[in-house]
Amino acid sequence: QVQLVESGGGLVQAGDSLRLSCAASGRTFNTYAVGWFRQAPGQEREFVAAISWSGGSTYYADSVKGRFIISRDNAKNTVYLQMNSLKPEDTAVYFCGAGRPKYFSGYYYKAAGTYDSWGQGTQVTVSS
């Protein structure tokens, strides 16, 4: 397993941008897929975006497609989530998770159960 720390959250206005970072410890980070999930008060944790261990494959929730970009820098043990054109409905605590999907399929990358290491989360608040 790896240890993960999210950062970059904050309070912004609708239409603004934020970049979240997920920093990992451990020499095997470049063998893990990473997913971003979010959870709003009173709601279930939902998938946002995921990236394969190499960065060659990415997956997005329909609600963020075209606005968010996930990327990774394995030399820095960090995954990023660039969030553009933010909306009030993007308000949530954002978590990153690391894991090894059972199969190379979007289904597994989008499933929270694929990820067995999680960070503590970072709050994103978008005002209208």
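**The disulfide and its sheet**

A: Start with burial: cysteine 22 and cysteine 96 are both buried, meaning under 20% relative accessible area with a 1.4 Å probe on protein chains only, where over 50% would be exposed and anything in between partly exposed. Before going on, keep in mind that this is a predicted model, where local features need pLDDT of at least 70, side-chain atom pairs count only at pLDDT 80 or more, and totals for chains, interfaces and linings use all residues. Residues are numbered from 1 along each chain as its sequence is written, and side-chain values use heavy atoms, with hydrogens and water left out.

Those two cysteines form a disulfide, with 2.1 Å between their sulfur atoms; the cut-off is a pair of cysteine sulfur atoms within 2.5 Å. By that rule the count is 1 disulfide. The torsion about the S-S bond of cysteine 22 and cysteine 96 is about 75°, so the disulfide is right-handed. Cysteine 22 sits in strand β3 (residues 18–25) and cysteine 96 in strand β9 (residues 92–99), so the pair ties together parts 74 residues apart in sequence. Strands here are DSSP runs of E, at least two residues, numbered from the N terminus.

Now follow β3 into its sheet: an open one of 4 strands, ordered β1-β3-β8-β7, with antiparallel pairing. Two strands pair if DSSP finds at least two bridges between them. β1 (3–7) and β7 (68–73) are the edge strands, each pairing on one side only. Over at β7, 6 bridges join that strand to β8 (residues 78–83), and the two run antiparallel. As one example, isoleucine 69 has glutamine 82 in β8 as its bridge partner.
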